[in-house]
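Student: I have a model open and want to know what each label rests on. Can we go through it together?

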Amino acid sequence: MKRVFLAIALTLGVMGANAQNVEQPEKEVVTFQADTYPQEMSGDDYNGLTKKLTFDRMIPPYGMEVTYDKTVHVIFPSAVRYVDLGSPNLIAGKADGAENVIRVKATVKNFRTETNFSVITESGSFYTFNVKYADEPLLLNIEMKDFIHDGSTVNRPNNALDIYLQELGSESPKLVHLIMKSIHKNNKREIKHIGAKSFGIQYLLHGMYTHNGLLYFHTQIKNSSNVPFDVDFITFKIVDKKVAKRTAIQEQVIFPLRAYNYATRIAGHKDERTVFTMEKFTIPEDKQVVVELHEKSGGRHQSFVIENEDIVRARVINELKVK
């Protein structure tokens, strides 16, 4: 009987040894890249595989000091469209009568926790600031002039980003600005049959351009008189070509989205040019666009007419060259 048990034990031992010699499938080892968070971290729990935000994605904020008894003014290169404050310890708003200046101050004295605020401007730039309290802020008036690039060959700051605004559709505000600047700089008179002249004042349409759903109107005011011409306002409106008697005049005013080098005074024997940007439009054959220039405290008003055939022949901007 002992021999039987010994044989069984030997058999089981051989089988166990053979089982150990069989190659076991390797366990799958999950490795994470340096820029990837694992699914669970001690202290930080991200649900699912998450990519790290690296410093090249960061918008470096500027440091700012505020106080309770003084106001800090920040001057931007274009009109402010959006302001967001990170804490009720701050109060901010546009300066009265100025679209590109905001004023910031503390609502409570000696707040300890650092806070922040962000600004988006009409030019499509994004600004961010970290704010702390100081009894006597070092800087009370700040000019963000380094955010104006205008296509110059300088390094753009990391927090001058392109923000797309609703009224410009899919076009970047910075690109719109560069297109207007390029049209103004080239100063080519593409259209020679549209304009008005009287009382020593000449109002001309130099050209019409189109790009990505927007229209650009290049106009010029020439003053050949000795008296300066002060611009009151300029209107673009769609009107009927012929209006029957006792019929109400139907007018549709078109408001420019942007204006480059908008001149408000033209000195004697001088001229000024302006580029207007508008949303793309066309008009029926029985209507026309009337552009009116009104003089402030004067009567030397000018107006010219644009037909639909002129609009549809607007020059397409394929390449932008700005030095």
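Predicted model: local features only at pLDDT ≥ 70, side-chain atom pairs only at ≥ 80, totals over all residues.

Student: What makes up the secondary structure of the chain?

Tutor: Three helices and 21 strands. As for contacts with a separation of 6 or more, 63% are between residues 24 or more positions apart.

Student: Why is strand β12 called mostly covered?

Tutor: β12 spans residues 201–211, and nine of its 11 residues are buried. Buried means under 20% relative accessible area.

Student: How do you know that β11 and β12 pair, and in which sense?

Tutor: Pairing needs at least two bridges between two strands. Four bridges join β11 (residues 195–198) to β12, so under that cut-off they count as paired, and they run antiparallel.

Student: What pairs with β12 over 10 bridges?

Tutor: Strand β13, residues 214–223, in the antiparallel sense. M208 has F217 in β13 as its bridge partner. Here too there is a hairpin with two residues between the strands, and N212 in the turn has a positive phi of about 55 degrees.

Student: How do you know that β12 and β21 count as paired?

Tutor: Two bridges join β12 to β21 (residues 315–316). The cut-off is at least two, so the pair qualifies. These strands run parallel. Y209 stands opposite R315 in β21.

Student: Which strands form the open sheet of four, and in what order?

Tutor: The order is β6-β7-β4-β10, with mixed pairing. β6 (90–94) and β10 (141–143) are the edges: each has a single partner strand, so one side of each is left without a neighbour in the sheet. Neighbouring strands of this sheet are turned by 20 degrees against each other on average, direction ignored.

Student: What makes β4 and β10 a pair?

Tutor: Three bridges join β4 (residues 72–75) to β10. At least two are needed, so they pair. They run parallel. H73 stands opposite N141 in β10.

Student: What makes a group of residues a nonpolar core?

Tutor: Buried nonpolar residues must be joined through side-chain atoms within 4.5 Å. The largest such core here has 28 residues, and F217, F281 and I306 have the most contacts inside it. β12, β13, β14 (229–240), β18 (270–279), β19 (287–295) and β20 (302–306) each supply at least two residues. β14 gives the most, with five.

Student: Which residues does F217 contact, leaving aside its neighbours within four places in sequence?

Tutor: Among them are L205, M208, F236, V275, F281 and I306. There is also a second, separate core of 19 residues, which includes V72, L90, F117 and I142.

Student: Why is the K94 and E99 contact called a salt bridge?

Tutor: The cut-off is 4 Å between a side-chain nitrogen of Lys or Arg and a carboxyl oxygen of Asp or Glu. K94 and E99 come to 2.8 Å, N to O, so the label holds. The whole structure has 11 salt bridges.

Student: Are K94 and E99 buried or partly exposed?

Tutor: K94 is at 36% relative accessibility, so it counts as partly exposed. E99 is at 47% and is partly exposed. Both values fall between the 20% and 50% limits.

Student: How do you know that E292 and K237 form a salt bridge?

Tutor: Their closest N and O atoms are 3.4 Å apart. That is within 4 Å, so the pair qualifies. E292 lies in β19 and K237 in β14, so the pair ties together parts that are 55 residues apart in sequence. E292, at 19%, counts as buried. K237 is buried at 13%. K237, E251 and E292 are linked in a network of salt bridges.

Student: What makes R300 and E295 buried residues?

Tutor: R300 is at 12% relative accessibility. E295 is at 9%. Both are under 20%, so both count as buried. R300 and E295 also form a salt bridge, with the closest N and O atoms 2.8 Å apart.

Notes. Residues numbered from 1 in each chain as written. Heavy atoms only, no water. Axes fitted to C-alpha atoms, helices over the stretch in contact; angles between N-to-C directions. Contact = heavy atoms within 4.5 Å. Buried < 20%, exposed > 50% of the residue type's maximum accessible area, 1.4 Å probe, protein only.
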